[in-house]
Amino acid sequence: MSGADRAATEILDAAILEFERHGFRRVALDDVARRAGVSRTTIYRRFANKDELVGAVIERENVRLFADIAAELKQAEPQSNVYVEAFTLSILKFRRHRVLNQMFTDEPGLVLELAGRYHRAAIDRMAEALRMIFPAGFAERIGAEAVDELADCILRYAAMVLLLPSAQPLETAEDIRAFARQHFLPSLPVALRTVVV
C-alpha cells in the first residue's frame, strides 16, 4: 500500500470512529485530522470537503457490507429463495453496522440527502454482490439491466424497512422474510418474477 493510500485509509478509519461517537453532522474535519494524526491540509488533499469525506466513508463501508452479504449468502442454505435471503440479510447486516445504522436511526434527513448522491454507487455495489451469489450464468441470462433493477428494488425496500415504522414486526430474520415474501417478491422486475433462484 502506498503512503497516499495508507493516509487515506487512516483518514477513513478515523472518520468512521468520529462519526460513531458524534454523528455525521456534528463531526468537524479537525476532529478527524486529530484522530488520524494528520493535518487538515492532508485531509483536504484527498477530500475536497466534509461531504466528500462522508461519501468516501459510506462508499467504503457499502463495499465491505455488500461483499460480506454476498459471502454469507454464498455459504448459507437459503430458507426460501435467493431474493428473499438477499433482502433479509441486507436488513440484518445493515442494522448491525455500527455507523450506517446509526445514521438511519439518528439522522434520517441526512440519509435521504445522501441517497440522492450515492444511490447509483449503492446499486452498483449491490449488483456486484448479487452477481457473486447467483448461480453460474444466471446474471448473464437475465441481463445487466435486470440485475440493476433487482439491486435497486432491494435497496428501496430496505430503506423503507430501515426508515419507516411498520404495522407488522420486522425484528427477526423470519419477520423480515415474511415481509419480503408478501411485499418485496411481488414488486420484482418482470424479468425476474418467473425465475426463482
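Two residues are said to be in contact when heavy atoms of theirs lie within 4.5 Å. The model examined here is predicted, so local features need pLDDT of at least 70 and side-chain atom pairs count only at pLDDT 80 or more, while totals for chains, interfaces and linings use all residues. Residues are numbered from 1 along each chain as its sequence is written, and side-chain values use heavy atoms, with hydrogens and water left out.

Consider Leu-92, which is found in helix α5 (residues 82–96); helices are DSSP runs of H or I with at least four residues, numbered from the N terminus. Leu-92 has a relative accessible area of 14% and is therefore buried, a term for values under 20% with a 1.4 Å probe and protein chains only. Apart from neighbours within four places in sequence, Leu-92 is in contact with Glu-171, Ala-173 and Ile-176. Beyond four places in sequence, Glu-61 is in contact with Ile-16, His-97 and Leu-100.

The largest pocket contains about 470 Å³ of space. Its lining has 25 residues, and Phe-104, Ala-115, His-119, Leu-155 and Ala-159 lie nearest the centre. Helix α7 gives the most to this lining, with 8 residues. By class, the lining has 21 nonpolar, 3 polar and 1 charged residues.

Terms used
Helix = DSSP H or I, 4+ residues; strand = E, 2+ residues; numbered from the N terminus. Buried < 20%, exposed > 50% of the residue type's maximum accessible area, 1.4 Å probe, protein only. 1 Å grid on protein atoms, 1.4 Å probe; cavity = no way out; pocket = protein on both sides within 12 Å on 5 of 7 lines; lining within 4 Å. Points joined across faces, edges and corners; volume = space filled by probe spheres on them. Nonpolar A, V, L, I, M, F, W, Y, C, P; charged D, E, K, R; others polar.
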